[in-house]
Amino acid sequence: MAKTIKMTLNQINQLTPKASLEHFETDKKGLSRQQRTARLQTYGENTIQKRQQRSLLRASWQSVQDPFIGVLAVLMIISWLSRDIDGAIVMLIMIVVSSSIRFVQERKSEQASIALQAMLAKTSRVVIEGQPTEVAAQSLVPGDIVQLQTGDLVNADLKILASHDLQINQSSLTGESKPVSKRITAQATDVTNAADMASLLLMGSTVVNGQATALVIATGQATCFSAIVTTEPKSRPNQFDAGLKHISWLLIRMMLVLVPFVFVINGVTKGDWQQSFFFAIAVAVGLTPEMLPMIVNSNLAKGSVVLSQQQVIVKQLKAIQNLGAMSVLCTDKTGTLTEDHIKLMYYADILGERDVQVLRLAYLNAKGQSGWQNLLDEAIIHYYEQDQTNDDFPYQKLGEIPFNFERRRLTVWLKNHAGNQLVTKGAFEEVLATCSQVRLADQIEPLTEVQK
């Protein structure tokens, strides 16, 4: 994957509008609306030309590319030439029905997939004439100044102008799930991979921590991400294709051996060579399971309908057979494949006993923190506000120490009528290392090694 996004420093400089860089070194107000309109006409929309839906002609042709249909088509032509009109019509009907089922189901899947992509509307915060403005990501142009914070998606290739504790997830580009730090720095002359450049943010990455102000240097087809998503995948035959091909060639070999043999033997013994020819054709037709293509595609289509009721889109019907043949599926994307929703089930002190004070502290931290809230925070807030209906948030927030990957903790500074309070959460070993006391019931005691 990393090889796909390699870029030389000269290419990076070519993507950077030099006039804009010089302008923004002294002026941070961003482009005017007139400038953005002009650049949008010059550079085009910030969209990547993804694989388009197949044309009707191509989809129709691919729907008849089936080994059994090929055998039926050959026999249909022979039957037609030998004046067996009824047999030819029956085979034609089998071909049309089978290919139509496959065409309709795969067409529906393609349209559903395209509809899902259209639902992914994205926006960016752009500084326009000095004012941060939310705009559609597709309207970004080189020279725009973009403001990023935790949870934002990078919608174009950007050069950092200012940052604070910036951590980026580039897994969609590099396959590496660990966040990387980004900051303003002089470009190393020996760096050829754009993803390794510390001051460069690439389209498709996400901000997992911190804030940044960055300059758009490339949009749409000029971005590194476009080289990945526009690459056509190589289609390889699966077990279903291999099985059909094997059976088809077995039938063809049997016909090549038996049909001439039957034709010759019948002609020699009966002397009627014309009748022997028709009889040999009948043998060939009898060896071919005319209904098999229709039965196979009908069953695969039924499977596609059942899967669609479970919110699963199948683009190619033949993939269903491989899916059904799996005995073990290994994945590390549990949250994505299931509900993508976390529920709080239990909260406890160090003895494992349910303690409302623990829940309250977790809620104060989750509710009081600024920026992006993760799924755990949302689960805690939802649970607390549902069950503690008589409680509110009678605290004034005085400050916050945000999470970073060196400290690995997030602290919220709160104040109420009882005084000030610091509530910290983070990596277990980091939080434990800072603790010297423990609360048991209403008593605060020194934290012992046994309790740790």
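Arginine 408 is partly exposed in this predicted model, with a relative accessible area of 26%; here buried means under 20% relative accessible area, exposed over 50%, and partly exposed in between, with a 1.4 Å probe and protein chains only. Arginine 408 belongs to the loop between β8 and β9, and its phi is near 60°, a positive value in a residue other than glycine. Helices (H or I, at least four residues) and strands (E, at least two) are DSSP runs, numbered from the N terminus.

The model is a predicted one, in which local features need pLDDT of at least 70 and side-chain atom pairs count only at pLDDT 80 or more, while totals for chains, interfaces and linings use all residues. Residues are numbered from 1 along each chain as its sequence is written, and side-chain values use heavy atoms, with hydrogens and water left out.

Strands β8 and β9 (residues 409–416) pair in the antiparallel sense over five bridges, where two strands count as paired if DSSP finds at least two bridges between them. Within this pairing, glycine 399 has tryptophan 413 of β9 as its bridge partner.

Aspartate 355 sits in the loop between α13 (334–337) and α14. Is aspartate 355 buried or exposed? Aspartate 355 counts as buried, because its relative accessible area is 15%. When residues up to four places away in sequence are not counted, aspartate 355 touches Tyr347, Ala348 and Asp349, contact being heavy atoms within 4.5 Å. A separation of 9.6 Å lies between the C-alpha atoms of aspartate 355 and leucine 440, which are 85 residues apart along the chain.

Another set of strands begins with a hairpin. Strand β1 (residues 123–128) and strand β2 (residues 131–136) run antiparallel and are joined by six bridges. The hairpin has two residues between the strands, and glutamate 129 takes a positive phi near 55° there. Glutamate 129 is placed in the loop between β1 and β2 and counts as partly exposed, because its relative accessibility is 45%. Strand β1 is also joined by three bridges to strand β3 (residues 145–148), again in an antiparallel run. Arginine 125 stands opposite glutamate 134 in β2 and opposite glutamine 147 in β3.

The pairing continues through β3, which four bridges join to strand β7 (residues 206–218) in an antiparallel run. Leucine 148 has alanine 212 of β7 as its bridge partner. Strand β4 (residues 157–169) runs antiparallel to β7 and is joined to it by 10 bridges, with aspartate 157 opposite alanine 218 in β7.

The elements giving two or more residues to the patch are α5 (67–81) and α6 (85–118). Leucine 81 lies in helix α5 and counts as exposed, because its relative accessibility is 68%.

Turning to the whole protein chain, there are 16 helices and 12 strands. Of its 452 residues, 35% are buried. Residues 24 or more positions apart account for 63% of the contacts with a separation of 6 or more. The protein chain exposes about 27,500 Å², of which carbon and sulfur atoms supply 57%; accessible areas come from the Shrake-Rupley method with a 1.4 Å probe, and for residues only the protein chains shown count as cover.
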